Amino acid sequence: MPMTITEKVLAAAAGKESVKPGELINAKVDLVLANDITAPVAIKEFQKIGLDKVWDKNRVALVPDHFTPNKDIKSAEQAKLVRDFAHTQELANYFEVGRMGIEHCLLPEQGLVGPGDVIIGADSHTCTYGALGAFATGVGSTDLAAAMALGETWFKVPESIKFVFNGQLNKYVGGKDLILHTIGQIGVDGALYKAMEFCGEAISQLSMDGRFTMCNMAIEAGGKNGIIQPDEITRQYVEGRTKRPYTFYTSDPDAQYSKVYEFDVNKIEPQVAFPHLPENARPVSQAGHVDIDQAVIGSCTNGRMEDLRLAAEILKGKKVHQQVRLIVIPGTQEIYRQAMREGLFEIFLDAGAVVSTPTCGPCLGGHMGILAKGERCIATTNRNFVGRMGHAESEVYLANPAVAAASAITGRISHPQEVL
Amino acid sequence: MNQQGKVWKFGNDIDTDIIIAARYLNSSDPVELAKHCMEDGDPTFASKVSAGDVMLAGKNFGCGSSREHAPIAIKAAGVSCVVAKSYARIFYRNAFNIGLPIFECPEAVDEINEGDVITVDAASGAIVNQTSGKHYQAVPIPDFMRQIIDAGGLISYVKGRVKQDV
């Protein structure tokens, strides 16, 4: 029976020859993940099951990245609960502050997720790892607790939607723009309960960093997972990095899709998603005059090396607008170190930006860049819901790192070409 | 079991940041979370809602974060069940796992007004608007989800499985 890549990965994990959309399966998981917000709830639920140990101490990853370094006593208590559990359970993949990174930047970098894996994480952006050809999806804490006990979980096999990106990417257009454009076309529930499979010439040419960005935001269209067939670029990324054996699955040519969308990327320019939904995407040239108070470059969506290099390219020799705060957050300690080696911090600091240790802080209105009433921020993050980055009457505009950097310079939403 | 309560209506794409803002996620205490339920959408909601009340909403309810704190906050605020046109999938799963009954019924959402008193049969998904007298039937819950509910939630279900394995 012809199958999509998503169906093949799930079938293998369920020990079945084939699966079809709508089918309920029990699948083995290769890794489970939680953070300092979701792990405490998962740990409490896990303890109710009455088991002494998790199913596999090498396959439970805990990353305290949301309110860390701890922003207050309550978050310190939560982080301590996670830390104590990790130590008691002798978890191999607990990442303390100083060795920590934003989970979805960190896990691929550390080779903990790979092609053909099934991964669940108590964080909605777990779908990021689909960029490697894995089935990765977000769940809640109770699902996570059950998987920590059993090493498996149940899934309803999703229907797949195919998104074909034809043509050549324009300058300053990357994964973020493709996914914002896509969500703009189909809406925030356009892929509800579905697998989003990204393919086509433009995807083949996209770097791993750009692919992570695209799959990261599948959830913003309601998708169960985002996925890209592994290829030579994937191979180069995982070789020497991914710790477990991996399998490259590909969709059969006659696999069934519930829908197919085709995009001509020659016509796509840098995108900006206006408040208060990621689907409010429009080309930056149609943004009009929007003054900003803050710009954030970072997060699990756009806090990778390529993103920082792009921002630095725009900011080099320029100054951040007098009335703007620019916050740059490398996604992991490795990215931080690499950016330092390449001299990017000089560029950011010369421009008048602040550079932070890895944290999810501002993305979810946690800490490190909260907005006051009436303030506007352009951010490379993934959500612009009401109150997402602070006051319920503040606004978040989503864009790629080049647009965020250019806007930080002009003080209003701008195309990168404006500042060159 | 029949749930009866007053209806609070919300629109489409009610996200998890509206349901419980991240600034309160340095706690997972249901009582604390309930105090801030729906705060960025309607700051007075938590003080207005009474035990047994029902939330009605449009499409894609619970979109966004995986935070289980969202259905926990709704349940702890006293809401007996949610009826929406559709749900974001992580929220849907979380609601079952923590024992918040949720139903899909677009007609009920379109026709029932805020303030109406409705009865929802949590077993069958039969909805009766006591104010207008109209009846509705929600989309049936899949058998597998029903097994989880009957077991007393996911953790009880897993406990049963772990015991069998021993």
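**Close-up views of a predicted two-chain model**

**View 1. Residues 54-100 of chain B in the predicted model.**

**View 2. An open, four-stranded sheet in chain A.** The strands of this sheet follow the order β10-β9-β8-β11, and their pairing is parallel. Strands β10 (225-227) and β11 (259-264) of chain A form the edges, each pairing on one side only. On average, neighbouring strands of the sheet are turned by 20 degrees against each other, direction ignored. Helix α1 (residues 5-14) of chain A packs on the sheet, where it touches β8, β9 (195-199) and β10 of chain A. The direction of helix α1 makes about 110 degrees with that of β10(A).

**View 3. The pairing of strands β8 and β11 in chain A.** Strand β8 (residues 160-166) of chain A runs parallel to β11(A), and six bridges join the two. Within this pairing, A:Phe165 has A:Phe263 of β11(A) as its bridge partner.

**View 4. Two aromatic pairs of chain A.** The structure holds 21 aromatic pairs over all chains. One of them, formed by A:Phe135 and A:Phe155, is edge-to-face, with 5.1 Å centre to centre and 75 degrees between the planes. This pair links distant parts of the chain: A:Phe135 belongs to strand β6 (residues 135-138) and A:Phe155 to strand β7 (residues 152-156) of chain A, 20 residues apart. Both A:Phe135 and A:Phe155 are buried. A further pair, A:Phe165 with A:Phe198, is tilted, with 6.3 Å centre to centre and 50 degrees between the planes. Here too, distant parts of the chain are linked, with A:Phe165 in strand β8 and A:Phe198 in strand β9 of chain A, 33 residues apart. A:Phe165 is buried, as is A:Phe198.

**View 5. A cluster of aromatic rings with members from chains A and B.** Chain A contributes A:Tyr193 to this cluster. From chain B come B:Phe61, B:Tyr87, B:Phe91, B:Tyr92 and B:Phe96. The members are linked by ring pairs.

**View 6. Charged side-chain ends over aromatic rings in chain A.** The ring of A:Tyr172 has the charged end of A:Lys171 over it, 4.8 Å from the ring centre. Likewise, the charged end of A:Arg282 sits over the ring of A:Phe274, 3.7 Å from its centre.

Note on methods: Residues numbered from 1 in each chain as written. Chains lettered and ligands numbered in written order. Predicted model: local features only at pLDDT ≥ 70, side-chain atom pairs only at ≥ 80, totals over all residues. Heavy atoms only, no water. Pairing = 2+ DSSP bridges. Axes fitted to C-alpha atoms, helices over the stretch in contact; angles between N-to-C directions. Contact = heavy atoms within 4.5 Å. Phe/Tyr/Trp six-rings, centres within 6.5 Å; stacked < 30°, edge-to-face > 60°. Buried < 20%, exposed > 50% of the residue type's maximum accessible area, 1.4 Å probe, protein only. Lys NZ or Arg CZ within 6 Å of the ring centre and 35° of its normal.
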